[in-house]
Each structure stands twice: as C-alpha cells, then as structure tokens.
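Please look at the sequence and the model first.

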Amino acid sequence: KGVCATPQNASSMLQKAVAKVLQGLPRWTAETPRTQATVRIAYLVQVAVEAKLPMVRRVFDRLYSEEDTFLYLSDARLLDPGRVEQALGVAGADSRENVHVRAASHTGFYTWPRVQVVLDAVESLMKRRWDFFVHLSDSDYPLHTADWLRSNFARQRDSSFMRLIPRCTVGDALPDGARELERNFWAMWCGHPIVASCGSAFAPDFVSGTRFPREALEGAGMQFAHGPEWVAVTRELAEYAIAPGLEPFRQMIGVHIGADEMFWQTLVLNIPHFTQKIARQRWFIEWSNPKQHSPDTITDAHVPTLLRSRGEFLFTRKVESPASDAALAILDDTLANDGPASLDDLPQSGWELRRSCVP
C-alpha cells in the first residue's frame with residue numbers, strides 16, 4: 001500500500017509517474033463555503049518519546065472535546081501504544097469513542113514513508129465527520145481553547161494553513177514595471193539522487209545514477225515549494241491528497257529527498273482550478289540558528305512576544321519540560337484569567353498562489 005520505490009524499480013517508476021503528471025493533475029471540483037457556523041477538527045499527533053508523554057497529556061486535556069477526533073500515532077520502534085493510552089487516560093474501560101491510539105512504522109526525516117503514515121491516517125479518518133485535519137508533533141502546544149480553534153477555522157472554512165516557500169516567487173514591481181524573480185535555495189533542491197523507500201520494508205537510500213528531473217518539470221510549467229510538515233488542511237484538500245488519481249504525483253514526490261517537507265506545498269501549487277485559499281501556517285516558532293532542523297525551545301523569554309501576538313497564532317513549538325514549564329504556566333494563566341483572544345483580529349488567508357513561478 002502506498003508508494004513503494006525499490007532500488008530496482010525507482011527509476012522506471014519515476015519516469016512513468018512524471019509522464020502522467022505532465023498530462024495534468026486531477027481537476028479540483030470540490031465546493032467549499034467561505035465560512036461555516038461550526039466545524040469539527042481531526043487531530044493527528046505523532047508521538048515517539050516516552051519522556052514527552054506528560055506534555056502530550058497536557059495538550060490533550062487542553063484540546064479535547066467530544067466534537068473532535070483525536071488520532072495518536074505511536075512510533076512502533078520507540079514507544080508502546082499502550083503507554084500512550086495510559087498517559088492519555090483512555091486505556092481499557094476509560095477508552096473514548098473519538099480517541100484512537102495506533103502503532104505506526106518508524107520513519108526518518110526527509111523521506112516518503114514519513115508522508116505515507118500521514119496519508120494513511122487521513123484515509124482512516126475519512127469515515128468520521130470532520131472539516132479540518134490538523135497535524136501536530138509531540139512538541140506542539142495550543143495557544144487557545146478548543147472552542148476558539150473551532151471558531152477560527154469556521155471563519156476561514158475555505159483555507160488551509162501551511163508555511164509555503166516556493167522555489168521561485170514573483171517579487172514586487174520594479175521602477176520600470178518589470179518584476180524580479182526571487183529564488184529560494186533549499187538544501188533539498190541541490191541535485192540529490194532519487195530515494196528508494198517502501199514503508200518499513202527497508203531503510204530509505206539514494207539510488208545512484210538517477211536524479212530527479214526537476215528542471216524538466218519546471219520547464220513544462222510545474223512549480224515546486226517546501227515548508228514544515230505540520231499543517232492544518234481542509235477535509236477537501238486532504239481527500240484530494242489521497243485520491244487514486246493523484247497516485248502518479250505521490251510516486252513522483254515519493255522519490256524526492258525531503259518529500260515530507262514539500263508534499264503539501266508542491267501539491268497546492270499545481271492543482272488545476274484550485275479554488276481554496278492558503279493561509280500562513282500560524283505556528284509561533286523561533287529560530288536562533290536557521291541551519292538547525294529543530295526550532296528553539298519555548299521559554300519564559302518568549303512569553304512577552306507570545307502574549308502580544310497570541311491572536312495571530314494557533315499553536316507554538318517546540319515545547320519541552322522543564323524548559324518550557326514557566327512559559328506554559330503563564331500562557332495557561334493568561335487564558336484562564338483574560339479569556340480568549342479576539343477573533344476579530346484574525347489574520348486572513350494571505351498567500352497568493354499566483355505569485356509562485358518557475359525559475
């Protein structure tokens with residue numbers, strides 16, 4: 001199930017997938033209201049470290065409602081799902097109909113299996129009622145109540161939230177009326193060989209002698225982008241992502257290094273007649289060293305900025321105990337005593353897909 005590119009078939013699979021992708025992705029046909037009175041959220045939380053379970057429980061207690069659905073994927077190599085159930089208080093007789101804990105294959109960063117476990121989760125969730133799919137790590141923390149988050153999403157029912165960094169962006173107009181093209185230089189764009197992977201069947205590895213034909217694809221008009229894997233997407237976009245007709249696209253992205261940080265972003269730039277909006281990610285994240293894979297840990301030093309701009313963000317990352325304990329205590333106290341942030345100051349969907357280009 002899913003993309004299976006072995007060292008023997010990866011090159012031929014890519015060639016066939018590219019040929020089909022160049023014929024065009026499936027046309028977008030979904031109709032979505034701009035706003036909605038109320039929405040339901042499906043939360044996917046990936047958990048791998050037992051020491052983080054107290055924080056995972058703290059977030060669960062903040063987010064839980066009977067209206068929403070919660071799916072926790074426990075890394076099968078690192079953490080027993082039973083320990084996650086116990087930590088959440090949903091083991092045995094305490095189980096809840098809308099909370100599920102499952103083992104998932106161990107996946108490393110930057111390769112397709114990390115995307116596949118998410119898409120498999122989306123597919124399993126489709127039997128339930130929800131309007132937004134929110135993908136969280138075990139280091140994310142909500143800045144609002146569950147009711148506030150639902151109200152936020154209801155006001156922007158036709159928007160998905162992600163950080164989207166195109167390979168090429170059309171800049172502002174120059175004095176002569178021309179527009180400068182701004183190019184993004186991401187390490188994963190740097191001509192690496194394609195990657196063979198097949199779930200947990202073997203460790204992903206480069207396939208020597210075959211490089212991803214990105215320049216040829218861009219020459220045909222395809223646009224590429226990257227960004228963090230932590231997103232909030234509409235049900236319609238999630239359903240589109242797992243549709244059978246998108247298999248060639250999944251196979252194509254599946255052999256690109258960094259697939260987990262380019263799948264959603266590249267997808268939305270290339271959907272024919274896409275009518276939904278893309279809003280910025282709205283996770284409060286600080287980077288003191290942009291070259292690191294993981295952002296700064298939230299501490300009390302970040303609290304003044306967080307309190308001033310709490311209404312602009314949905315979640316923050318990364319949080320860890322004990323380093324983040326003082327900051328989270330202040331945030332929780334603010335929410336309890338000052339009430340929710342105003343929904344009237346919400347930043348609206350702002351990314352213009354037409355500003356993306358090909359180099």
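Glu97 and Arg128 meet through their side chains in a salt bridge, at 2.8 Å from N to O; the term stands for a side-chain nitrogen of Lys or Arg within 4 Å of a carboxyl oxygen of Asp or Glu. Glu97 sits in the loop between α3 and β3 (99–104) and Arg128 in the loop between α4 (113–125) and β4 (132–137), so that distant parts of the chain, 31 residues apart, are linked. Helices (H or I, at least four residues) and strands (E, at least two) are DSSP runs, numbered from the N terminus. Glu97 is exposed, at 58% relative accessible area; exposed means over 50%, buried under 20%, and partly exposed in between, with a 1.4 Å probe and protein chains only.

The model is predicted: local features need pLDDT of at least 70, side-chain atom pairs count only at pLDDT 80 or more, and totals for chains, interfaces and linings use all residues. Residues are numbered from 1 along each chain as its sequence is written, and side-chain values use heavy atoms, leaving out hydrogens and water.

Two further pairs are listed here.

| Pair | N to O distance |
|---|---|
| Arg83 and Glu50 | 2.6 Å |
| Arg157 and Asp131 | 3.7 Å |

Arg157, in the loop between α5 (146–155) and β6 (159–161), and Asp131, in the loop between α4 and β4, are 26 residues apart. Arg157 is buried at 3% relative accessibility, and Asp131 is buried at 14%. Arg83 is partly exposed at 31%, and Glu50 is partly exposed at 40%.

The whole structure has 17 salt bridges. Arg58, Arg62 and Asp332 form a network of them.
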